[in-house]
Amino acid sequence: MNLQDLMLSASIFVFLSLISGLPAGAQEFGVGAMDRGTKIPYQGGEAIYKGVCQGCHMPDAKGVIGAGAYPALAHNAKLEVAGYAIAIVVNGQKAMPALGPMMTDQQIADVVNYVRGNFNNRYKDKVSPADVKLARP
Amino acid sequence: MGSGVRTEKAALSRRSLLRMVGTLAGSTAMYNAMTELGLAQPSTFTNPPKLGAPKPGTSVLVLGAGIAGMVAAIELRDAGYQVQVLEYNGRPGGRNWTLYGGDTYTELGGVTQQVKFDPGQYFNPGPWRLPYHHRGILHYASRLNIPLEPFAQHNYNAYVHSTDAFGGKPRRFREVQADFHGHVAELLAKCTQTSALNQSVSKQDKEILVEALRNWGALDGDLRYKKGRESSSRRGPRVDSGGGLNSVPVFSDPDDLGGVLKSQLWHAIGWGHDFEYQSPIFQPKGGMGQIGKAFGAELGRLIKYNCKVTDIRQDETSVTVSYVDARTGKAPQRASADWCVCTIPASILSQIPMNVGKKMRAAIDQIPYGASMKIGLQFKRRFWEQDDEIFGGMSYTNQPNAMIGYPTWDYFSKGKGVVLGAYVWGAPAIMAAAKSPDQRISDALEYGSKLHPQYKREFDSGVAVAWHRVPWMLGCSGDWTERSRAEHYDNLCSLDGRIVLAGEHASRLPTWQEGSVTSAIDAITRLHKRVMGA
């Protein structure tokens, strides 16, 4: 292999890595169903609740009823077990989409703490990003 | 023996080379990335089922008058079953749904949107295209005499845009595609000159490859992709040829390789070549909802509307379903049949008491529902056609609206036109659902105006549908992973006593109507076998 070959091989290698380096499914341009790449940009429990959760659980966290229902998070005894809330946020369940892939451990911890400390929920123990990490598949 | 090894080696090299070309073109990578999400699966539909006649009087209750439920109902009725369908909405179709001027839509949370589109204008919040190989849904469209017309998926003159590339100025699809292909072809053509490649590709193959690359990438006589007749023949000239004097074309300047790569705009090229998006694609004239309407008309009084199912109970001999009036929540009633085909989405079904086995229950409960959101925007005039020469197809952007879909009907008409102003999944859809419909629309106008400065001046009215806010869906579609499919899929689809489930969530073509059709046919075929064996 001469120098020219080496340079060409190197440039092709760089090129191939660029092309193949895109994360699977992270199609930004209108692929729609394939968009697993975009992340939730909001920071802090309240901002995340308002920017994400209230779409279904409603601004007052009282839920809403259609052919099925979105459960109230307000005054919700199931939230006593913080790990339960974390698991549902990370993996999704029933109508709830899996938010794990689009939120960081910190974001999930923040919003779980926010919901468990507001809307007539008075759970004192806080969850940490490390707790969230453990719940990821 | 020795020569056999050599041949094998040479063949392998050719294969690796082709694979490399494929990877560069984006197709292989795209295919691999998408199959695990259930895309690019061929339809299993061959013919409508030929069910023999059951014992007279054998009855089936079908829950849900979406595509799956209505396919099941029509085929079972035709076979001789007594069929009744219960539907939550006051109309047939389910997610097969088109909004027209005069319609109203109230989402969860209570906001009602009035659709103010002109006559002839419409918006499909759900499915909007029919790939030519989705033979099942096409069969029923044909059976129901639905006129179909071409759906323009690809438009070389539409825009590809990123706020982070080329100063936020959109490029035309043809420019990005030609530049990407051209530079890749040039690079590979150079590669053929190296001694490294001499070892892996025969001299004859190399010559063919060079010729193919010249052709594919629009390279010039020196195997270069640069400003000139060849590149302009693909990406389009800056000034077109004409007649008479001053008719000399002016060639356009390709973007350089680094710029094209860093722009990330090449994302827009590969995915549109996937199996589902290959031309020709079709749409029903007048909106996708025409299919649901025709199914509903065909089934007539067999469908009972405004029924909210509250309980599903089976025993040794029958299935009994309790329901109330969906509008009032009152007037509880019951319906019974020998068997039940349940097409209620798992997002809803998981909340309805139903005595099935643990395995089916676990399968229903575990499917999370993916988020999606679409916005229809009516503009006072078809400026994308009149000013930008974009007739159908779609533009892509890295903004949270993801795309702009142009109407692929009534081209050149002088009145208003409805554009798909946003079609998103995942995080952007979830965030949009947390906003009011008005806010979603004003966001879409903001994003769209980066591609079309005419947007705000020409805006007339809009409607935004976020599927997690749709009262009868609570999400868009079943969101399987490879892992959850391995664990639960067969359990979801298997007959449980006298109940079988169907719908896109019980298919390997999630989100597609073809998934609903093939799932329904598979479910009733197995159900019928059980009936005949019982």
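Two strands are taken to pair if DSSP finds at least two bridges between them, while strands (E, at least two residues) and helices (H or I, at least four residues) are DSSP runs, numbered from the N terminus. The structure is a predicted model, in which local features need pLDDT of at least 70 and side-chain atom pairs count only at pLDDT 80 or more, whereas totals for chains, interfaces and linings use all residues. Residues are numbered from 1 along each chain as its sequence is written, and chains are lettered from A and ligands numbered from 1 in the order in which they are written.

**Exercise 1.** Find which elements the buried residues of helix α4 of chain B pack against.

Solution. A residue counts as buried if 20 or more other C-beta atoms, placed from the backbone, lie within 10 Å of its own, as exposed if 12 or fewer do, and as partly exposed in between. By this criterion the buried residues of α4(B), which spans residues 135–143, are B:G136, B:I137, B:L138, B:Y140 and B:A141. These residues pack against β7, β8 and β11 of chain B, and also against the helices α3 (67–79), α11 (289–299) and α19 (513–533) of that chain. After the helix comes B:N145, whose phi is positive, near 60°.

**Exercise 2.** Describe the strand partners of β19 of chain B and the directions in which its residues point.

Solution. Start with the partners: strand β9 (residues 159–161) of chain B runs parallel to β19(B) and is joined to it by two bridges, with B:H161 opposite B:T397. Strand β20 (residues 403–405) of chain B pairs with β19(B) in the antiparallel sense over three bridges, and B:S395 stands opposite B:I404. β19(B) and β20(B) form a hairpin with five residues between them, and B:A402 in the turn has a positive phi of about 65°. As to side-chain direction, B:M394 and B:Y396 point one way and B:S395 and B:T397 the other, and all are buried.

**Exercise 3.** Is A:P97 buried or exposed, and which residues does it touch?

Solution. A:P97 lies in the loop between α3 (82–91) and α4 (105–117) of chain A. A:P97 is classed as buried because 28 other C-beta atoms lie within 10 Å. Two residues are in contact if their C-beta atoms, placed from the backbone, lie within 7 Å; on that basis, and not counting residues up to four places away in sequence, A:P97 touches A:G92 as well as B:P368, B:Y369, B:G370, B:A371, B:I430, B:G475 and B:D479.

**Exercise 4.** Decide where chain A calls for caution, using pLDDT.

Solution. pLDDT is the predictor's confidence in each residue, from 0 to 100. Chain A averages a pLDDT of 81, and 74% of the residues score at least 70. Over residues 13–36 of chain A, however, pLDDT stays under 50, although the model has 51 contacts beyond four places in sequence for them. Where pLDDT is low, the predicted coordinates should not be read in detail.
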